[in-house]
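Here is a short tour of one protein model, written to be read with the structure open beside you.

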Amino acid sequence: MSSDDNVEWQLADLVDAISAEVDRAEDTLALKSYARQVSFAIKKIAFDVEVTMRRAPDGRLFFRSLDPGGTSDTLLKLDFAQVLESQLAGMRKPLDDSTTSAPLSTLPGITPEELKALNAIAIYSVDDLLRYTRTSAMLSEVSRKSGIAETRLRFWRGLPFVSALKPGRGAPGSHVVLEGGNFGATRPADAQVMFHGYKAKVLEWSGSRLTVEAPAEVLGMGLVFVVMNAQPTNVVVWEGTTLDLRVEEVLTGTDAPLEGEPVQVEAVLANRGTIPTRAFSVQWSVDGVLGLVLPHGPLEPGQRSTESVLRRELKLPAGHHTVRFVADVADVLPGLDRAALSFSRTLEVRPLQSLVVGDYRVPATLDPLLVGPVDGSNVLGLVFRGLGRRDATGTLVPDLAASWTPPTPVEVAGARVYSVTVTLRPDVRFHDGSPVTAEDVRFSFLRLWSVESPWIESMMRVHEVLLDGPRVKFLLWAPDALEPLLTMGIVPQSAYEADPVGFGRGPVGCGPFRVESFSPERVVLRAFRGHFRGAPRLDRITVLGVPDRDRLGERVEQQELQLAVMPYDDAWFERLRDLGEWTLTRVPSTSGEQLHVQVPGLLERDPAGPDVNGSAYLWYLKQ
């Protein structure tokens, strides 16, 4: 033997090879016994094999015989003893056993490759094949070791087998054909066809073809086999496909929709099945009023729909409303759970908290850089906020600023100036969602030097505005130079630079209300829910510009307004006081004394406060 023939083997391979040789030897001894009329038998075989041993990563042991002249510390001691006669008796073949010791070459259609594969696991005769494949487990083991399909082994053994399922996947309840062989011309009384552990209804039976109805319970991948005479055939895989379209939810863009406010609704539609849908249609309804039937394209298995027909914008009056979404309106998708194809949601729409204000001051622009210092009740204070505000005592306190340092004398280029460093609040955002930064503050102040602004006189007392990281440093010619500028509204640099001329008509501030529409006669403000002091309680404020005092007073009398700011007049004060339906407050102002008129149900608004709009996010109307 050359070293090339000395390959690695496993112990099971050696046992198989020795067993085959024992079988051949017993056949020879049986012939000798017959010829000489003397019984010959192998009682025991014992021998030692000196080998090398290797352990594979998967735990298996491999051996190799020593080459001539080699040495090893591993010695296999093998003993083969004859089985007791009582045990042999249990394995004797009955007289009517159809098996034969004929060679494997007599098996129908067997190929040289199949012969070689069976010989490699010590199967040399038809009788060997019978002995090695007595049970389903043994059949599977021989198939695994030889690489020959189990259906092929069953065919040679005359056992029933399944070679194919047609189709290989389908919906529960569909018809499936099992192709194979050795089923018998008629169905045995105890024969069953099992799908995923459930009995299938047998529709047709022949020796090589069975037609069944897949059980309703089969879902996903599973095993199929036939049981005949209490013995199972080989198993094959079949997939139970499903079409499972579901409307899982109807989502809303807000938990508290307001009357007349746009509210977004979206249906969550998914195909939880294993096959794609065909195109189908969907439909929305509100309070039982059906909308248009809209087309929806095919939806792949395991996918959630993203088509636009699943989203809708509604404007609803106050009250409770039922919004319903239905999929497959035309019922073109068979076998679906119709109850799962619709979803309803009840929306509670809150009445709009709206305040209508009349003001004798008619703004030409809402650009805070072009409108000079105004009293605290001006509409600009609802849209914009400054670094500071006036508290109840008139003292300047931080607003957008978190703090500022006291004026500190410093020398700059030989000149004595005063330094004030302002630290901004970290949680302030403009109405467009962008944060209020030190760059925005610096831009707002420097812009005053380049436009015709009423703030310019105060700004001339500022030497320089510098950035100090997230802070802003002001260098002032006088220690109190910054005070009159602290209430000026801060603007976002990006939005202002994009349209300096149009900014005053569509401003972006960081106050409690944002501008929805603007004209000198009418300004409509909407609550800015991201206001840094808290979301406003009022949803809308409409400010009507009425420069004529008498006309403004008449509209108050006619209860067209809930709040009015008008020039003070004794006659109007007494006239409205006599009505007894209004709260009247005389307020001093830089533009002359004012009369603030408001309904008693308007709370948290202090018209006598230095910064009336500083607490605008707290205003509400008592119901």
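The lining of the second largest pocket holds 15 nonpolar, 14 polar and seven charged residues. In this scheme Ala, Val, Leu, Ile, Met, Phe, Trp, Tyr, Cys and Pro are nonpolar, Asp, Glu, Lys and Arg are charged, and the others, Gly among them, are polar. This is a predicted model, where local features need pLDDT of at least 70 and side-chain atom pairs count only at pLDDT 80 or more, while totals for chains, interfaces and linings use all residues. Residues are numbered from 1 along each chain as its sequence is written, and side-chain values use heavy atoms, leaving out hydrogens and water.

**Two spaces**

On a 1 Å grid over the protein atoms alone, a cavity is a set of points where a 1.4 Å probe fits but cannot get out; a pocket is an open set with protein on both sides within 12 Å along at least five of seven lines, and lining residues have an atom within 4 Å of a point. Points are joined across faces, edges and corners, and the volume is the space filled by probe spheres set on them.

| Space | Volume | Lining | Nearest the centre |
|---|---|---|---|
| Second largest pocket | about 700 Å³ | 36 residues | Val374, Asp375, Gly376, Thr487, Pro610 |
| Largest cavity | about 110 Å³ | 13 residues | Val357, Ser377, Leu382, Val543, Leu563 |

For the pocket, S22 contributes the most to the lining, with three residues. Helices (H or I, at least four residues) and strands (E, at least two) are DSSP runs, numbered from the N terminus. The cavity lining divides into eight nonpolar, three polar and two charged residues.

**A sheet of three strands**

An open antiparallel sheet has its strands in the order S2-S1-S3; strands pair if DSSP finds at least two bridges between them. Strand S2 (61–65) and strand S3 (74–81) are at the edges with a single partner strand each, so one side of each has no neighbour in the sheet. S1 (residues 44–55) pairs with S2 over five bridges, and Thr52 has Arg64 in S2 as its bridge partner.

**A helix and a loop residue**

Helix H8 (residues 438–447) has Ala438, Asp440, Val441, Phe443, Ser444 and Phe445 buried, meaning under 20% relative accessible area with a 1.4 Å probe, protein chains only (exposed is over 50%, partly exposed in between). Glu261 sits in the loop between S14 (245–252) and S15 (262–271). With 17% relative accessibility, Glu261 counts as buried.
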